[in-house]
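Hi,

Here is the model I promised to pass on.

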Amino acid sequence: MNPVELIVEGSTHSLARRAADVVQEYLGSTQDPVLGLATGASVRLLYRELVRRHRQEGLSFSRVRAFLLDDYIGLGVEHSQCYGNLIEAEFVRHVDIDPELLYVPDCGAADPDLECDRYDRLVTRAGVGLQVLGVGRNGHLAFNEPGSSFESRTRVVRLAAATRVDNARYFGGPDQVPALAITQGMATIRQAAHLLVLATGPSKADAVRAALEGPITSSVPASALRLHSRVTVLLDPSAAGLAGPGG
């Protein structure tokens with residue numbers, strides 16, 4: 001079991017700045033940066049800070065190849081909640097990443113299983129240097145729900161009810177959230193050289209505690225972080241369980 005670098009920041013904004021420091025340091029460390037990108041509320045402020053640094057400080061992403069963790073199956077390609085469209089709207093179009101070097105799973109593929117195999121090979125060959133991750137309220141990583149094997153590869157998954165409830169705010173209700181998705185598997189994610197994990201808000205505190213302090217078990221997929229050789233976990237006070245009543 002490997003030590004996790006755990007950092008608790010004073011606010012979500014300082015957390016985003018610290019996370020952006022990690023990304024910027026990585027970009028400066030290699031001529032061939034390969035970023036793994038996540039979507040969701042926990043990483044949104046990180047992307048805003050990276051966009052700010054690009055615009056105001058000249059931080060360049062021109063050499064970056066970027067790979068998305070997951071995406072829904074069943075949404076039209078133009079749907080605003082397709083993760084490929086979200087990452088484009090929130091980050092990619094505002095910096096100098098070559099759009100041809102942004103890779104997303106094709107969730108409209110005629111044969112989703114073949115697409116999973118293709119995408120897994122693509123990610124594996126690229127060799128992600130820094131993978132950005134969030135943690136789900138039920139301890140999921142990407143769309144690897146509780147029970148996912150630590151040896152799983154990119155595949156089609158059925159979303160847990162709790163995940164559909166959590167994501168309902170982006171749709172018309174839980175029943176409008178797609179039931180299926182393509183996700184990089186736990187083993188695929190763990191190939192990355194460095195995992196950068198962000199969690200914010202009190203709803204994540206139990207999952208974070210279980211992941212970092214409880215048994216290492218597939219019932220808490222995020223507990224697999226402790227098996228990786230290099231993990232940085234950034235929390236705000238509430239995700240760290242430090243908020244007082246009403247905090």
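Two strands count as paired if DSSP finds at least two bridges between them. Helices (H or I, at least four residues) and strands (E, at least two) are DSSP runs, numbered from the N terminus. This is a predicted model, in which local features need pLDDT of at least 70 and side-chain atom pairs count only at pLDDT 80 or more, while totals for chains, interfaces and linings use all residues. Residues are numbered from 1 along each chain as its sequence is written, and side-chain values use heavy atoms, with hydrogens and water left out.

Now to the parallel sheet. Strand β2 (residues 34–37) runs parallel to β6 (residues 130–134), and 2 bridges join them. Gly-36 sits opposite Gln-131 of β6. Helix α4 (residues 112–126) packs on this sheet and touches β2, β3 and β5, where contact means heavy atoms within 4.5 Å. The direction of α4 makes about 140° with that of β3; axes are lines fitted to C-alpha atoms, for helices over the stretch in contact, and angles run from 0 to 180 degrees between N-to-C directions. The whole sheet is open, with 7 parallel-paired strands in the order β1-β10-β9-β6-β2-β3-β5. Its edges are β1 (5–8) and β5 (102–103), each pairing on one side only.

There is also an open antiparallel sheet of 3 strands, ordered β4-β8-β7. Because β4 (70–73) and β7 (155–158) each have a single partner strand, one side of each is left without a neighbour in the sheet. The twist averages 30° from one strand to the next. Between β4 and β8 (residues 180–183) there are 4 bridges, and Asp-70 has Thr-183 as its bridge partner in β8. Helix α4 turns up here too, lying across β7 and β8 at about 120° to β7.

Best wishes
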